[in-house]
Amino acid sequence: MATLKSFACVLAALAAVGSAVPADHHQKRQQAPEAGFYVPSYYPAPYGGWVDDWKESYAKAKALVDRMTLAEKTNITGGTGIYMGRCNGNTGSALRVNFPQLCLNDAANGIRQTDNVTVFPNAITAGATFDKKLIYERGAAIGKEGRGKGVNIWLGPSVGPLGRKPKGGRNWEGFGSDPVLQGYGAYETIRGVQDQGVIATIKHLIGNEQEMYRMYNPFQYAYSANIDDRTLHEVYLWPFAEAVRAGVGAAMTAYNAVNGSASSHNPYLINGLLKDELGFQGFVMSDWISHMSGVASAIAGLDMDMPGDTQIPLFGSSFWMYELTRSTLNGSVPMDRLNDMATRIVAAWYKMGQDEGFPAVNFDTNSKTREAPLYPGAWPNSPTGVVNEFVQVQADHDVVARQVAQDGLTLLKNEDNLLPSPHRDPSSSSAPAQPPTPTAPTHAPIETVDYMYIDDPISAFRRRTDDVTFYNTDRFPSSARQQSEDDVAFVFITSDAGENSYTVEGNHGDRDASRLFAWHDGDRLVQDVAARYSNVVVVANTVGPLVLEAWHDLPSVKAVLIAHLPGQEGGESLTGVLYGDVSPNGHLPYSITFAEDDMPESVTRLIDSAFFNQPQDTYTEGLYIDYKWLNKAGIKARYAFGHGLSYTTFNYTATIEKVTQLTRTPPPRAPKEGILEYDQPIPAAAEAVAPAGFQMIWRLIYSWLSESDAQNAIRDGQTRQYPYPPGYTTTQREGPRAGGGEGGNPALYDTAYTLSVTVTNSGSEHSGKASVQAYLQFPEGIEYETPIIQLRDFEKTGELAPGESQTVQINLRRKDISVWDVVLQDWVVPEVDGAYKVWLGAASDDLSAVCHVDGLTCESNVAGPI
Ligand code: BGC
């Protein structure tokens, strides 16, 4: 168990006795041993500013950057150091030209480490709503709170991890184990956040699918996620493409390596995939303390070093800031690269309109008091001042928070229609001791928000009935009152996960110790309650899949609900469904299997330390994760991806229409146009030196060099050359054929077919919302192997009364019906207008309507493909 601070101390002590990992390990492009996984050289870092939507912001940004000195440019690309400012990350500023210090702040479910904010449901809950509009509204509310607090850059959403490993520690920060669900989740969240003028950050690029051994340290390589090209494109990069398509202003690299090369200086990932193929116009930052190189990361395309320190933080040392000043003065990092970095950052700031009327930071993540040290990392030499102004930003965001919590609530089982139970008051409720109420993961303070209040289930029950008894315990209470036939017992169980910086109950971030079983002996508690009561409802607040078999089939366990991570609104959102005010309408954003090893070993096994070698996490399952694996292997899920019951039933009918005539490959991309001139001669040494008499804060990271260091850098540049990696060049490329706009070739997002799906509430008693999920099946006999079905789009209806209908639109874009061809390096429609089937329904194993692309016909009440 270690906080970041103590981690730093451990590293410092170890570093003193020497390191078994070569000092230059970060420079070496160590190839993954498995064949087919490699990092092609990809240079130089592509300039931004060629996408129409960004041109105006780039013009303004370039004009501002042109007025900056060298040290001002390097100051805005680096952090001032951990705990050296009020936010989770703080850049340097260029106040002389009115460019402020930027505030970067988490969390995954709101604004972290401050007061007067809303604890939103986590993204896994938002994903379970399968409701794009609601996901947008959650994002907009987070954006408003960020803006109100003065957060320039919100450090979310997360789509990496994607959820490949059911036990992975941070899956709950994303929207579910499917690239399309993650993709729309990210797209809507980013639009919501950025519509408020706050820059969103898509993270973590890429392959951070487990927490253990994610980070490099002087003794140990981080694991390498070895991902083949097709899987990378069709699964893991997919949601990043959607994020770029949404116009995301920032991206964060992952801690781990990909195909043998660390993500924060991986030229193929950053230069090649993100900036050139996906046409990303914003800036790329490192994850905290994962910056490992100076020149190497700059030429690999990194634009911002966060939080500024080397891997041994709090010593005032950095690979950038003053070192970046040095390496541009000596010519190792070309000036055009530095100008591009700075321009990307300033362009994102202009694009979100932060140059006018953006609130100043008014809170402090390091302290809760009004006055406190301004730079705690400079202890005991920090000046103090007013750091917290306690600005109220919650407004009415509890409404959207409650709606997401409610609409994410997923009813798995409801025997004898036990629920809703308006006529039976819940008369007994058992809950585990820790936590007594559903909360965000208890051991992941890094990614959660401080609770101002919590609407917990027991309070919500008590608002509806006096006849309720609450036991806050992990064991069946000996004091339990005499049970009667009419009693309903609600048992709350939980499963937690988080970042690897914290170990809780033996779990190292990932659920390595608890595995997929309930924490705090929750499975036994359910068994004990089920032995004594005739009507048992299990409510699971869980970060991801659980194995339910210890109690699922016990006769008295009649109903099972996954309440995911509801945030502060976990009470009324639950009782509203239990009492039948609304029908449940959440759907599983992952599959629940009968046994953990129903999934392949490559995803159930958590990669272990490989002593002084790099641990290898090889994606041998390829495209086949979650339901795609189960379907291929013919393994029935206990509850399939997308499953979720309602109190009513729905009927689906559809029509399909062709919108764009496709060709096998997309039309050629347009060339990049309108790129500004970034090159310039190396400036005079004076631009790198602090003004005379400037008082520096101890250990804060600055971009200035001493006069003699600056002169030496210029002299070095004339006599020595940086050992650039093979393939290094400074000549800008035209860009790959799969690129051409934000998200790739714009033609990839042309709508090929539109489906109008009419959903009718076929029940007679309850209203309800239906989820329309559309899964694509590729034509038989094509030259590419594809999963049997793949989610491609989804929509949620409004509340439908019995007998009422609504028509929603489902779109299939060119990319949705393409595969990534690794030879052509492009998206290919394997059979234009071929026998594609689009399966429609309420879950991946409940698809009762189908549309045929070849004949443009649809059928209802058919047997599904699974
Ligand atoms: C996490 C990031 C987070 C950053 C800043 C890191 O440990 O991996 O997701 O944004 O800290 O708090």
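The legends below describe close-up views of a predicted model. Residues are numbered from 1 along each chain as its sequence is written, and side-chain values use heavy atoms, with hydrogens and water left out. Local features need pLDDT of at least 70 and side-chain atom pairs count only at pLDDT 80 or more, whereas totals for chains, interfaces and linings use all residues.

**View 1. Surroundings of the ligand.** The ligand is surrounded by 13 residues, of which Asp106, Arg170, His204, Tyr255 and Asp287 are the closest; a residue is counted here if one of its heavy atoms lies within 4 Å of the molecule. For Lys203, the distance from a polar side-chain atom to a ligand oxygen is 2.9 Å. The side chain of His204 places an N or O atom 2.7 Å from an oxygen atom of the ligand. Of the 310 Å² of accessible area that the ligand has on its own, the protein covers 94% (Shrake-Rupley method, 1.4 Å probe).

**View 2. Strands 21 and 22.** Strand 21 (residues 771-777) and strand 22 (residues 790-796) run antiparallel and are joined by 6 bridges. Strands are DSSP runs of E with at least two residues, helices are runs of H or I with at least four, and both are numbered from the N terminus; two strands pair if DSSP finds at least two bridges between them. Ser771 stands opposite Lys796 of strand 22.

View 3. Beyond four places in sequence, Leu791 touches residues including Phe130, Tyr627, Phe641 and Tyr775 (contact: heavy atoms within 4.5 Å).

**View 4. Thr660 in its loop.** Thr660 lies in the loop between strand 19 (650-658) and helix 19 (707-719). Thr660 counts as partly exposed because its relative accessibility is 24%. A polar atom of the Thr660 side chain is 2.6 Å from the backbone oxygen of Thr751.

How values were computed. Buried means under 20% relative accessible area, exposed over 50%, partly exposed in between (1.4 Å probe, protein chains only). A polar contact is a pair of N or O atoms within 3.5 Å; within protein, one must be able to donate a hydrogen and the other to accept it, and residues adjacent in sequence count only if both atoms are side-chain atoms.
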